[in-house]
Amino acid sequence: IKMILAQTVTDWRPVLDNLATYSQQGNSDETIAILQRLKGQLVSVGLLDQSEQTVTIMDSFKQNNRAQAQAQVVNLCQTLTRIFKTLEQEVTVNN
């Protein structure tokens, strides 16, 4: 679990940057693809609420609720940034 957590923490910045970029561009296919990968990663590190948020966002994109989906992506990215920054400190301090 610690190895998965460390890998997730290592990779979070580019994943969230890409997610925000594709969402803002209205690229639903790429946004959904990132959300699907992120959903699994979030479950594997115990972030179940955030994993469920990815499902909600994917549904919004699939229903063409672009403005709502983009707002949800911004919220998810902000939440995950706070969480991952904290985890990043914990993982590096405990290594």
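This is a predicted model: local features need pLDDT of at least 70, side-chain atom pairs count only at pLDDT 80 or more; totals for chains, interfaces and linings use all residues.
## How α2 meets α3

Two packed helices are described by the angle between their axes and the distance between the axes. Helix α2 covers residues 28-44, and helix α3 covers residues 48-62. Their axes come within 8 Å. They cross at roughly 160°. An angle over 145 degrees counts as roughly antiparallel, so α2 and α3 are roughly antiparallel to each other. The crossing of α2 past α3 is left-handed.

Which residues of α2 and α3 make the contact? From α2 come Ser-28, Thr-31, Ile-32, Leu-35, Gln-36, Leu-38, Lys-39, Leu-42 and Val-43. From α3 come Leu-48, Gln-50, Ser-51, Thr-54, Val-55, Ile-57, Met-58, Phe-61 and Lys-62. Sorted by class, this contact has 10 nonpolar residues, 6 polar and 2 charged.

## Gln-50, a residue of α3

Gln-50 sits in helix α3 and belongs to the contact with α2. Is Gln-50 buried or exposed? Its relative accessibility is 13%. Buried means under 20%, so Gln-50 counts as buried.

Residues up to four places away in sequence are set aside here. Beyond them, Gln-50 touches Leu-42, Leu-76, Thr-79, Leu-80 and Ile-83. Leu-42 is one of the α2 residues in the helix contact.

## The loop between α2 and α3

Val-45 is in the loop that joins α2 and α3. With residues up to four places away in sequence not counted, Val-45 touches Ile-4, Leu-5 and Thr-8. Val-45 and Leu-76 are 31 residues apart along the chain. Their C-alpha atoms are separated by 16 Å.

## The aromatic pair

A pair of aromatic rings is described by the distance of the centres and the angle of the planes. How many aromatic pairs does the structure hold? It holds 1. The rings belong to Trp-12 and Phe-84. Their centres are 5.9 Å apart. Their planes are at 40°, so the pair is tilted.

The pair links distant parts of the chain. Trp-12 is in helix α1, residues 2-25. Phe-84 is in helix α4, residues 66-94.

Thr-81 is part of helix α4. Leaving aside neighbours within four places in sequence, Thr-81 is in contact with Trp-12 and Leu-16. Trp-12 is also a member of the aromatic pair. Thr-81 has a relative accessible area of 23%, and is therefore partly exposed.

Ala-71 is also in helix α4. At 46% relative accessibility, Ala-71 counts as partly exposed. Ala-71 and Leu-47 are 24 residues apart along the chain. Their C-alpha atoms are separated by 20 Å.

## Asn-64 and its positive phi

Most residues other than glycine have a negative phi. Asn-64 has a positive value, with phi near 60°. Where does Asn-64 lie? It is in the loop between α3 and α4.

Asn-64 has a relative accessible area of 66%. Exposed means over 50%, so Asn-64 is exposed. Asn-64 and Thr-81 are 17 residues apart in sequence. In space, they are 26 Å apart, C-alpha to C-alpha.

Notes
Residues are numbered from 1 along each chain as its sequence is written. Side-chain values use heavy atoms; hydrogens and water are left out. Axes are lines fitted to C-alpha atoms, for helices over the stretch in contact, and angles run from 0 to 180 degrees between N-to-C directions. Helices (H or I, at least four residues) and strands (E, at least two) are DSSP runs, numbered from the N terminus. Angles under 35 degrees count as roughly parallel, over 145 as roughly antiparallel, 65 to 115 as roughly perpendicular and the rest as oblique. A crossing is left-handed if the near helix is turned anticlockwise from the far one by less than a right angle, and right-handed if clockwise. Contact means heavy atoms within 4.5 Å. Ala, Val, Leu, Ile, Met, Phe, Trp, Tyr, Cys and Pro count as nonpolar, Asp, Glu, Lys and Arg as charged, and the others, Gly among them, as polar. Rings of Phe, Tyr and Trp (its six-membered ring) pair if their centres lie within 6.5 Å; planes under 30 degrees apart count as stacked, over 60 as edge-to-face and the rest as tilted. Buried means under 20% relative accessible area, exposed over 50%, partly exposed in between (1.4 Å probe, protein chains only).
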